[in-house]
Amino acid sequence: MRFVAFVHKDPGSCFGVSFPDVPGCFSAGDTADEAVVNAVEALAGHVRMLREDGQSDPHPRKLDDILADDTLAEERAGATIVFVPLLLDRGSTKRVNLSLDSGLVEAIDEAARERGMTRSAFVASAVRNEIVG
């Protein structure tokens, strides 16, 4: 699930990120890329807090609906629009079966070993990095 986010940059400030479908969820970073990476963590943390408070999860609207929403005109003004994935750590693992070329598996194992990681941890980290961008 991906949420539309607005990235703003005011003179003399860092980049700020807001979510039109997640009121109260904000993030920032010194660069636009850093702000978006931080927004992934902010979104997950915000949804976790909503759940802890017994509130329902926010639902992302389609980009066309957000662009057509006149109440967001001021917030959209000058913003760069990005999509931020909701990546929730559930605190449990799930076994999956993947089919990969044996040469790729060897490369994964070598890269994981060089980093002191298991194959699973390495693949999970690589997938997370690919999703976040």
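Modeller: Ala, Val, Leu, Ile, Met, Phe, Trp, Tyr, Cys and Pro count as nonpolar, Asp, Glu, Lys and Arg as charged, and the others, Gly among them, as polar. By these classes the lining of the largest pocket divides into 11 nonpolar, five polar and six charged residues. The model is predicted: local features need pLDDT of at least 70, side-chain atom pairs count only at pLDDT 80 or more, and totals for chains, interfaces and linings use all residues. Residues are numbered from 1 along each chain as its sequence is written, and side-chain values use heavy atoms, without hydrogens and water.

Colleague: Why is Leu-98 called exposed?

Modeller: Exposed means over 50% relative accessible area, buried under 20%, and partly exposed in between (1.4 Å probe, protein chains only). Leu-98 has a relative accessible area of 53%, and is therefore exposed. Leu-98 is found in the loop between strand S4 (80–85) and helix H4 (102–114).

Colleague: Which residues line the second largest pocket, among them those of H1?

Modeller: The lining consists of Val-37, Val-40, Glu-41, Ala-44, Arg-48, Leu-87, Asp-89, Arg-128, Asn-129 and Val-132. H1 gives the largest share, five residues. By class, this lining has five nonpolar, one polar and four charged residues.

Conventions. Helices (H or I, at least four residues) and strands (E, at least two) are DSSP runs, numbered from the N terminus. On a 1 Å grid over the protein atoms alone, a cavity is a set of points where a 1.4 Å probe fits but cannot get out, and a pocket is an open set with protein on both sides within 12 Å along at least five of seven lines; lining residues have an atom within 4 Å of a point.
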